[in-house]
Amino acid sequence: MRISIRTAIVVAITLTAVVAMAQEEPVKLRELADHLYLLSTDQGSYTTNTIALVGDDGVLLVDTQASSDAAYLKEAVDKFEKGTPKYIINTHRHVEHIGGNAIFGDEPIVIAHELVPKKLKSGSYIFNEFPEATFPDITLSDSLTLYFNGERIELHALPGSHDDNEIIVHFTNAKVVHLSSLVNGFNFPSIDSHGDVLKFAECVAAAIELLPEDVMIVSGHNDIGTWSDLRTYHAMLTETTEIVRVALAEGKDVETIQSENLLGDWERYAGSYVSLDAWTEYLAEGLQRSGPLKERAFVPLYKAWKSEGATAAVELYRSLKRDHPDEYLFDDATLQASGSKLLGNGHYQAAVVFLEANLQLYPEADYTFYTNYLLARAHNELGERELAIQYCEKALELNPEFAAATNFLQELKCPGS
Ligand SMILES: [Zn+2]
């Protein structure tokens, strides 16, 4: 079972789809303390949170949103009238936290965990081809203190739960902390393939230890909370883990744990993008996992695309799948995520080749609706509106609830409406 990686990838690619929709007020501003602001974007079922520290020294940002929201973020930052940010701190490497770095150019000093540079050029991220200005200038693996605008800002690396490269950013005078994705806005957290659900309680306990009791907690997504919310959250993590551990030891499978509603007391943490059932699956997978997970074949696929083009890359994927089935993890996520990123970077014809191959190789996959939707977008970019309509209709036939496809189909059929 590989649900956690699957969920992480779909969340990542869904981000791009949702933010493509028109927004009334793209960046909401809220004052958290003197000189300290929350800048959040609404992504449908969740928000993504940036903090800005603004004063005579200039602007310091914690996280920079997805690249599709970068222009909105810059507009909001420009309104402070303090020029280009001096510092950007990235709480971890995921696209909706680093995507706006590059819009501010080379001037800001970017700070992130020491694993971030390498991670931005590996796995599926190799297809993002991030511009140089996205990459950190300073990295840390332990802690770092900055003095800026009269604030003492402490950075602590707390990696290994949601992903393997998180840092938390504590404004010690204002008593405000950005807790990365450690609490996911006090909803059940999500776990990247390089994260570990069993390390969540340990990382959250370390944060509780580091922070004062009157701290205000901002996380990568969703609501603000308090230190006591963090303690309750920690209790949720330890207690739900223990219940699933005992149930598995008694021989129950995930479906039984879900149908018996064994985690029902924590239902209030469901929402955002991790349901109670998904949290149960994360826990069961983490408790049953033996050894590291296999990687997907993104890197050889990318290298083949760069040197020989999309058709040769897809051929390589087919031959790896056929001749080396144990070397990589093979499912519909590899070609879909690669195709999505090629589409995002304007390589529409290559995206079509990757996505068509995905439909041929994995016609029955759960996320085939999304591959069809991506094909609709690629064909539209290529000026092939009729084909785009066909793929969009197929996406909706497979998943009638998929709002992004409903909106896009309307746009295709009535341009300008
Ligand atoms: Zn993340």
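**Reading the sheet and a helix pair**

Modeller: Let's start with helix H2 (residues 70-78), which lies across E1, E2, E3 and strand E4 (58-62) and runs at about 155 degrees to E2. Axes here are lines fitted to C-alpha atoms, for helices over the stretch in contact, and angles run from 0 to 180 degrees between N-to-C directions. Contact means that two residues have C-beta atoms, placed from the backbone, within 7 Å. Helices (H or I, at least four residues) and strands (E, at least two) are DSSP runs, numbered from the N terminus. This is a predicted model, where local features need pLDDT of at least 70, side-chain atom pairs count only at pLDDT 80 or more, and totals for chains, interfaces and linings use all residues. Residues are numbered from 1 along each chain as its sequence is written.

Biologist: What is the order of the strands in the open sheet?

Modeller: Strands of a sheet pair through backbone hydrogen bonds, either parallel or antiparallel. Two strands count as paired if DSSP finds at least two bridges between them. Here, 7 strands form an open sheet in the order E1-E2-E3-E4-E5-E6-E7, with mixed pairing. Strand E1 (28-33) and E7 are the edges, each pairing on one side only. On average, neighbouring strands are turned by 20 degrees against each other, direction ignored.

Biologist: Do E2 and E3 run parallel or antiparallel?

Modeller: Strand E2 (residues 36-42) and strand E3 (residues 47-55) run antiparallel, joined by 7 bridges. For instance, Thr41 has Thr48 in E3 as its bridge partner.

Biologist: And in which sense does E6 pair with E5 and with E7?

Modeller: Strand E5 (residues 87-89) pairs with E6 in the parallel sense over 3 bridges, and Ile89 has Ile111 in E6 as its bridge partner. E6 and strand E7 (residues 138-140) also pair in the parallel sense, over 3 bridges; there, His113 is partnered by Leu140 of E7.

Biologist: How many residues of E6 are buried?

Modeller: A residue is buried if 20 or more other C-beta atoms lie within 10 Å of its own, exposed if 12 or fewer, and partly exposed in between, with C-beta atoms placed from the backbone. In strand E6 (residues 109-113), 4 of the 5 residues are buried.

Biologist: At what angle do H6 and H8 pack?

Modeller: Angles under 35 degrees count as roughly parallel, over 145 as roughly antiparallel, 65 to 115 as roughly perpendicular and the rest as oblique. Helix H6 (residues 227-249) and helix H8 (residues 276-288) pack at about 60 degrees, with axes 10 Å apart, so they are oblique to each other. Residues making the contact include Val244 of H6 and Leu283 of H8.
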